[in-house]
Amino acid sequence: MHSNAESRARHGAGRVSALALAFFTSTTCAQGVTGTQVTIGQTVALSGSVGEHGRALTLGAQAYFNKVNRAGGVHGRKLALITLDDAGDSKRAQENARKLITENRALVLFSGAEGGPCVAATTLAGELHVPVVGCAGGSPELREPFNPFSFPVRAAHLDEFEKLVEYAAVFGRKRIGFIHSDSDTGRKHLANVRRLADRYGVTLALALPLPSGKDVFNPDKIAGEIEKARVDAVLNHGSYGQYADIIRSAKKQGSRTQFLAVNSGAQQMVRLLGGDATGLIFTQVVPFPWFDVTRIVQEYRGALKTYAPQTELSFSSLEGFINAKVLVEALRRAGRKLTREGLVATLESMRGYDVGGLTVSYTTGSHQGSRFVDVVVVAADGRFVR
C-alpha cells in the first residue's frame, strides 16, 4: 500500500520530468535541433571577387556533410547546411548571420570566407551567444580579443606571415615590402610584420595600404613604388584580385622582385595571372591536396570522387572539408542532448584533435585551432609544387 503523500510525490516527480523534457525540447528546437535534423548556418561569398574561393569552401564542406548523412548523420540526426551569399561584403555577412540565427534558427555558424566578413559575422554571433566554427579568415580579431564563441580552424595570418618572412630571410631577401588592406585589421597585420622583420633580421623597406572606398586603385603606380623601394620580396594582405593586378603590372615593368602571398584564393589568383604566376610563392594552411599521403587528404579525395566527381581538387575545398570534419567531431562528442552551450563546452575540450594530418586545439581560454602552414611554389605550367 502506498500513502497518498507517496502517490502525490510520484505524480509531482513525473510532472517535473515531463516539464523538463518539454523545456529541453523547446530550447533545442529554437537552437536549430530537432529529433531528426541539425541546422547549420553559413554566410560566405558565392559571388563577387572571392566567389570562386567561397564556392569551393562550401563544396568541400558539403561533401563531408553528405558523407556523414549517408552514414546516418550524427546521433541519428541529418545535417542541413543553409548557405547565404554575402559576396565578400562585411555588412551583408552580418545581416546574413542575423537571419541564419533568428529566422533559420541555426545551431551554429560555419565556414565563411575572408577576414572582414568572418569578423563581422563572428562579432554578431558572439553577441547572440552562437558558436562560429571554421571561418576561413586569418584576421587577428577571430582570436584577439578572446571571443568564447569563435572557433577558427585554419592557422592565423600571423603564422603565415612568419613563414614568409622566414623564407625571405633564409634565401637572402633582406629588403621586403608589405601590401595590406587600408583597415584596422590591415594595420594590425603591418605591426605584426614589422615585429617579424626585426626577429628574422630583414628590413621592412616598404609598407603600402591598398586604396579603399572612393580612392582609385592604380596597380601601375603601386608596382612603380615597389621598384623605387628596391625591395627583394613583397608579401600581401587583402584582395587577391588586386594583388594579382599589382604583380601583373610589376612584371610588365620588368620587376625581378619575388612575390609572396598568403593562401586565400591561391588557385583563383594563379588563373588570373596566367604565365605571370610562375615562381609565385604561397603559404597554405591545409596539406597538399594532390598528394594523398595524409589521412585527411585520402578521405577528402575519396569524398569528392563520390559526391562531386567533376570537381577539381583545391586547397579551398580541402579547407571546407576539414572545417566540416572538425564541426562534426564536436557534434558527435556533444552527445544527443545538443545545445549551443553544450557544443561550446565540447569544442573547448578538443585539445590536440588530430584531423588526419594536422592538429586542432581549443581550450577554455584559447581557441587557437591549427597552426599548420606549408609553402608551395607555382611552376611554369601553373601547377603547385612543394
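**Close-up views of a predicted model**

Arg 271 is partly exposed, at a relative accessible area of 44%. The views below are taken from a predicted model.

**View 1. Arg 271 and Glu 312 form a salt bridge.** The closest N and O atoms of Arg 271 and Glu 312 are 3.1 Å apart. Arg 271 belongs to helix α9 (residues 266-273), while Glu 312 sits in the loop between α10 (295-307) and α11 (315-334), so the contact ties together parts 41 residues apart in sequence. Glu 312 is partly exposed, with a relative accessible area of 44%. Through shared partners, salt bridges join Glu 52, Arg 271 and Glu 312 into one network. Side chains of opposite charge can pair when their charged atoms come close. Across the whole structure, the search finds 16 salt bridges.

View 2. Arg 92 is partly exposed, with a relative accessible area of 35%. Ala 87 is located in the loop between β2 and α3 (90-102) and is partly exposed, with a relative accessible area of 26%.

**View 3. His 75 has a positive phi without being a glycine.** The phi of His 75 is about 55 degrees. Most residues other than glycine have a negative phi, and most peptide bonds are trans. His 75 occupies the loop between α2 (51-70) and β2 (78-85). With a relative accessibility of 38%, His 75 counts as partly exposed.

**View 4. A cis peptide bond leads from Glu 144 to Pro 145.** Omega for this bond is near -5 degrees. Pro 145 lies in the loop between β4 (132-133) and β5 (150-151).

**View 5. The second largest pocket has a volume of about 250 Å³.** Its lining has 17 residues, of which Pro 140, Arg 143, Glu 144, Ala 156 and Gln 368 are the closest to the centre. Helices α5 (157-170) and α6 (184-200) each supply at least two lining residues, and α5 gives the most, with three. By class, the lining of the second largest pocket comprises four nonpolar, nine polar and four charged residues.

**View 6. The largest pocket has a volume of about 740 Å³.** Of its 34 lining residues, Glu 114, Gly 116, Ser 181, Gly 238 and Ser 239 are the closest to the centre. At least two lining residues come from each of α4 (115-127) and α8. The lining of the largest pocket divides into 10 nonpolar, 20 polar and four charged residues.

**View 7. Thr 294 is buried, with a relative accessible area of 19%.** The cut-off for buried is under 20%, so Thr 294 falls in that class. Thr 294 is placed in the loop between β10 (281-284) and α10. Leaving out residues up to four places away in sequence, Thr 294 touches Pro 287, Gly 356 and Gly 357.

Conventions. Residues are numbered from 1 along each chain as its sequence is written. This is a predicted model: local features need pLDDT of at least 70, side-chain atom pairs count only at pLDDT 80 or more; totals for chains, interfaces and linings use all residues. Side-chain values use heavy atoms; hydrogens and water are left out. A salt bridge is a side-chain nitrogen of Lys or Arg within 4 Å of a carboxyl oxygen of Asp or Glu. Buried means under 20% relative accessible area, exposed over 50%, partly exposed in between (1.4 Å probe, protein chains only). Helices (H or I, at least four residues) and strands (E, at least two) are DSSP runs, numbered from the N terminus. Contact means heavy atoms within 4.5 Å. On a 1 Å grid over the protein atoms alone, a cavity is a set of points where a 1.4 Å probe fits but cannot get out, and a pocket is an open set with protein on both sides within 12 Å along at least five of seven lines; lining residues have an atom within 4 Å of a point. Grid points are joined across faces, edges and corners, and a volume is the space filled by probe spheres set on the points. Ala, Val, Leu, Ile, Met, Phe, Trp, Tyr, Cys and Pro count as nonpolar, Asp, Glu, Lys and Arg as charged, and the others, Gly among them, as polar.
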